[in-house]
Amino acid sequence: MLRVVLPVRASPRKESPEKGEFSNDAEGSEDSCCLPLRQEFQRSKFSLHHTDPGVFCRSQWQRGERSVLWLLYRWLLAAFYSAGVIGSLLKVFNEGTWFIYLTHWGFSLCLFASIYGAVVASIYFSKPTYFAPGSVALKIYWLSHFTTVALSMLVTLIYWAALYPSMPEMGADLNNLWEHAFNSIFMILDCFILAFPTHIPHGIYPLAVILTFGFFSLVYHWCNGHDFDGNPFIYPILDWARPGLAIGTLCGCLLLVCCFSVCVFGLYRLRLCIYNCCGREQKRVQTA
């Protein structure tokens, strides 16, 4: 007797929003909110490779491949940080000492990430197939955005907790708010709008920036550099004439960056949870 074996059709695989699938079926991606934290420390999470380049060019909340509103938002954000950085340079350039502060390093990264994101969104809007999986340009955008968010949060916390109490008269200054408050507020809001994923091991990039700044501040001290007011240090809490204080400050910043890297990952997971809940609600309305 002949036995006929019928092929079994595999059910279509559903991708979570992390992989760029903008589906409203929350059941297919619900586990994305509950991914165990320990899985973030796999070797693959250190990689900057992603199979869907479109997630770096779209919003989590847009419908369709292209969105004029998303493109407009990206250029408005770039214009916002451009105005802030240019205004800060004109106000406190002071023969180049503007460039020695971690605040301005972070502010410049805000400008770079926002303009870079606007350019990426514009290219994608014109030609969605332009970027290939694993594109170096998108890797740069991914690591720079993560670094910018974590560093902005660090600058905001250190300034308002450690530096502002000694100079409260600076609090109401618009330029001061732009550099130490708006820098992180708008980057955090951006985390809830864009579509690409976040991984905790990417915290190695802001850590590298902090180590670089620490080494720069030490060399600047050895070269008898001065701050904006003529003091022989960049920040009072990073005075290498008191190495114990400087090393303690640097170690504290590294620890805070690790914490903020987890926070950025938490913002990403929260965004997915909100997206999934909205998708579930919309599905119920459609089927009612």
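**Helix packing and cavities in a predicted model**

User: How does helix 1 pass helix 4, in a left-handed or a right-handed crossing?
Analyst: Helix 1 passes helix 4 in a left-handed crossing. Bear in mind that this is a predicted model.

User: Which residues are those helices, and at what angle do the axes cross?
Analyst: Helix 1 is residues 68-92 and helix 4 is residues 174-191. Their axes cross at roughly 160 degrees and come within 11 Å. Angles over 145 degrees count as roughly antiparallel, so helix 1 is roughly antiparallel to helix 4.

User: Which residues meet there?
Analyst: From helix 1, the contact has Tyr73, Arg74, Leu77, Phe80, Tyr81, Ala83, Gly84, Gly87, Ser88 and Lys91. From helix 4, they meet Asn175, Trp178, Glu179, Phe182, Asn183, Phe186, Met187 and Asp190.

User: And by class?
Analyst: The contact of helix 1 with helix 4 has nine nonpolar, five polar and four charged residues.

User: Switching to cavities. How many of 30 Å³ or more does the structure hold?
Analyst: There are five cavities of 30 Å³ or more. The largest cavity has a volume of about 180 Å³.

User: Which residues are closest to the centre of that largest cavity?
Analyst: Leu102, Ile158, Phe213, Tyr235 and Cys253 are the closest to its centre, out of 16 residues that line the largest cavity.

User: Which helices supply at least two residues of that lining?
Analyst: Helix 2 (102-126), helix 3 (136-163), helix 5 (204-222) and helix 6 (243-287) each do. Helix 3 gives the largest share, five residues.

User: How does the lining of the largest cavity divide into nonpolar, polar and charged?
Analyst: The lining of the largest cavity has 13 nonpolar residues, three polar and no charged.

User: What about the second largest cavity, what volume does that have?
Analyst: The second largest cavity has a volume of about 80 Å³.

User: Which residues line the second largest cavity?
Analyst: The lining is Trp142, His145, Phe146, Val149, Cys191, Leu194, Phe196, Pro197, Thr198, Val264, Tyr268 and Arg271. Helix 3 and helix 6 are the elements that give two or more residues to the lining of the second largest cavity.

User: Where does the largest share of that lining come from?
Analyst: From helix 3, with four residues in the lining of the second largest cavity.

User: And what is the lining of the second largest cavity by class?
Analyst: Nine residues in the lining of the second largest cavity are nonpolar, two are polar and one is charged.

How values were computed: Residues are numbered from 1 along each chain as its sequence is written. This is a predicted model: local features need pLDDT of at least 70, side-chain atom pairs count only at pLDDT 80 or more; totals for chains, interfaces and linings use all residues. Side-chain values use heavy atoms; hydrogens and water are left out. On a 1 Å grid over the protein atoms alone, a cavity is a set of points where a 1.4 Å probe fits but cannot get out, and a pocket is an open set with protein on both sides within 12 Å along at least five of seven lines; lining residues have an atom within 4 Å of a point. Grid points are joined across faces, edges and corners, and a volume is the space filled by probe spheres set on the points. Ala, Val, Leu, Ile, Met, Phe, Trp, Tyr, Cys and Pro count as nonpolar, Asp, Glu, Lys and Arg as charged, and the others, Gly among them, as polar. Axes are lines fitted to C-alpha atoms, for helices over the stretch in contact, and angles run from 0 to 180 degrees between N-to-C directions. Angles under 35 degrees count as roughly parallel, over 145 as roughly antiparallel, 65 to 115 as roughly perpendicular and the rest as oblique. A crossing is left-handed if the near helix is turned anticlockwise from the far one by less than a right angle, and right-handed if clockwise. Contact means heavy atoms within 4.5 Å.
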